[in-house]
Amino acid sequence: MIHSSINKIIVSGCSFTNWRRQTTWADHVQSNFNQYEFINLGAPGNSNERILPNVLNEVQSISDPCVVIIQLTGLDRVVRNGKLSPTIGSVLKSLSMNWFGMSQNEMADTGWINYFQNEYSEEKHLNSLLSSIVDFQK
């Protein structure tokens with residue numbers, strides 16, 4: 001049971017949250033709590049760098065208390081210069097569900113090659129994600 005002062009549920013994540021071709025966990029939440037306004041901010045290929053700020057912006061734009069449910073996604077789903085990493089949409093990547101890294105041969109351009117060879121590390125990204133979660137909780 002959700003507290004009586006709550007009238008809105010906000011969810012976010014990747015395609016596991018919002019995929020128009022199949023039922024997701026968010027669809028089950030919505031059908032089980034259909035008396036509440038339901039906002040699904042999930043998007044296929046979403047990255048944690050987009051999920052957390054989008055939810056925070058939505059929560060800050062409303063004045064009423066709400067319930068927030070966030071499904072985080074793989075650590076290699078990153079945004080650089082406004083583009084999602086080239087792992088998004090890779091059939092083999094989706095089947096293997098390699099959450100903690102990507103092979104260099106999956107990259108499409110030299111900007112991504114440089115990023116994953118010289119800037120990205122699982123530790124750096126995990127630290128950034130955990131910092132974002134702590135900031136979100138504040």
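Predicted model: local features only at pLDDT ≥ 70, side-chain atom pairs only at ≥ 80, totals over all residues.
**Exercise 1. Find the helix that holds His 125, and work out whether this residue is buried or exposed.**

Step 1. Check the relative accessible area, which is 7% for His 125. Buried means under 20%, so His 125 counts as buried.

Step 2. Now look for its partners. Skipping neighbours within four places in sequence, His 125 is in contact with Glu 49, Leu 75, Arg 77, Val 78 and Tyr 120.

**Exercise 2. Is Glu 123 buried or exposed, and how many residues lie between it and Leu 75 in sequence terms?**

Step 1. Stay in helix H5, because Glu 123 lies there.

Step 2. Glu 123 has a relative accessibility of 59%. The cut-off for exposed is over 50%, so Glu 123 is exposed.

Step 3. Along the sequence, Glu 123 and Leu 75 are 48 residues apart. In space, their C-alpha atoms are 9.9 Å apart.

**Exercise 3. Locate Phe 116, then give its distance in space from Asp 76.**

Step 1. You'll find Phe 116 in helix H4, which covers residues 110-119.

Step 2. Phe 116 has a relative accessible area of 7%, so put it down as buried.

Step 3. Phe 116 and Asp 76 are 40 residues apart in sequence, and 9.5 Å separates them from C-alpha to C-alpha.

**Exercise 4. Which residues of helix H2 are buried, and why do they line one face of the helix?**

Step 1. Start with the helix itself. H2 spans residues 48-60, which makes 13 residues. From first C-alpha to last it reaches 18 Å, close to the 18 Å expected at 1.5 Å a residue.

Step 2. List the buried ones: Asn 48, Ile 51, Leu 52, Val 55 and Glu 58.

Step 3. Look down the axis of H2. The buried residues fall within an arc of 130 degrees, so they line one face. Here's a handy rule: an α-helix has 3.6 residues a turn, so residues three or four places apart point the same way.

Step 4. See what that face meets. The buried residues of H2 pack against E1, strand E2 (37-40), strand E3 (67-70) and helix H5 (122-137).

**Exercise 5. In which sense do E1 and E2 pair, and how does the chain get from E1 to E2?**

Step 1. E1 and E2 pair in the parallel sense, over 4 bridges.

Step 2. Pick out a facing pair: Ile 10 stands opposite Ile 39 in E2.

Step 3. Trace the chain from E1 through H1 to E2, and you've followed a right-handed β-α-β crossover.

**Exercise 6. How many helices and strands does the protein have, and in what order do they run?**

Step 1. Count them up: 5 helices and 5 strands.

Step 2. Read from the N terminus on, and you get β-α-β-α-β-β-β-α-α-α.

Step 3. Finish with the whole protein. Buried residues make up 36% of its 138 residues. Take the contacts between residues at least 6 apart in sequence: 70% of them join residues at least 24 apart. The accessible surface comes to about 8,400 Å², and 52% of it belongs to carbon and sulfur atoms.

Technical notes:
Residues numbered from 1 in each chain as written. Heavy atoms only, no water. Helix = DSSP H or I, 4+ residues; strand = E, 2+ residues; numbered from the N terminus. Expected span 1.5 Å × (residues − 1). Buried < 20%, exposed > 50% of the residue type's maximum accessible area, 1.4 Å probe, protein only. Arc of directions from axis to C-beta. Contact = heavy atoms within 4.5 Å. Pairing = 2+ DSSP bridges. Right-handed = clockwise from strand over helix to strand, strands pointing away. Areas by Shrake-Rupley, 256 points an atom, 1.4 Å probe, with all protein chains shown as cover.
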